[in-house]
Amino acid sequence: MNIEVNPFIMLEGTAREAITFYQESLGAKLLFIQTVGEGPTDQENAPLSDEDKARIAHSVLRIGDTTMFVADLEPGQTRQTGNGLNLCISTSDADTSGQLYNVLKEGGQVDIELGPAYFSPAYGMVTDRFGVTFQIFTKRQG
């Protein structure tokens, strides 16, 4: 049996902006994107505004060896902010960890300052401007 678990980020109308941000900051490759308007809709019984049609129904990004999904919630749904889901980015060197940490914290908040920890030469946690929490973990060498 082959099982794959992928992070899935749900946002309130900012998915397109988040996708661009992750492409620029994390080198994410956009593999697939579809708007609500490009998918099947029931325009006769539930007409959608142009704004709702432009929302991201589904996208697939590839960051290194990891596949991540990003989409917008359906109109009227609200996001429940919490720390139950976060993404852990592992790097092999502290410089790369520092670069990622610094770019992700812009417009967001620092949860744990990047620094040495007993399990990592450089570890930190930030919540980006979209409310997504990232752990930045540097692997020990040797």
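This is a predicted model: local features need pLDDT of at least 70, side-chain atom pairs count only at pLDDT 80 or more; totals for chains, interfaces and linings use all residues.
User: Why is the pair F119 and F137 called stacked?

Analyst: A pair of aromatic rings is described by the distance of the centres and the angle of the planes. The centres of F119 and F137 lie 6.3 Å apart, and the cut-off for a pair is within 6.5 Å. Their planes are at 15°; under 30 degrees counts as stacked. So the pair is stacked. A search of the whole structure gives eight aromatic pairs.

User: What makes this a link between distant parts of the chain?

Analyst: F119 sits in the loop between β6 (109-117) and β7 (120-127). F137 belongs to strand β8 (residues 133-138).

User: Why does F119 count as partly exposed?

Analyst: Its relative accessibility is 31%. Buried means under 20% and exposed means over 50%, so F119 falls in between and is partly exposed. F137, at 22%, is partly exposed too.

User: How do you know that the charged end of R129 sits over the ring of F21?

Analyst: The charged end of R129 is 4.4 Å from the ring centre, and the distance limit is within 6 Å. F21 also belongs to an aromatic cluster with Y22, F130 and F134.

User: Why do β1 and β2 stand at the edges of the sheet?

Analyst: The open sheet has four strands in the order β1-β4-β3-β2. β1 (8-11) and β2 (29-35) each have a single partner strand, so one side of each lacks a neighbour in the sheet.

User: What makes β1 and β4 a pair?

Analyst: Pairing needs at least two bridges. Four bridges join β1 to β4 (residues 66-72), and the strands run parallel. L11 has D72 in β4 as its bridge partner.

Key
Residues are numbered from 1 along each chain as its sequence is written. Side-chain values use heavy atoms; hydrogens and water are left out. Rings of Phe, Tyr and Trp (its six-membered ring) pair if their centres lie within 6.5 Å; planes under 30 degrees apart count as stacked, over 60 as edge-to-face and the rest as tilted. Helices (H or I, at least four residues) and strands (E, at least two) are DSSP runs, numbered from the N terminus. Buried means under 20% relative accessible area, exposed over 50%, partly exposed in between (1.4 Å probe, protein chains only). A charge sits over a ring if NZ of Lys or CZ of Arg is within 6 Å of the ring centre and within 35 degrees of the ring normal.
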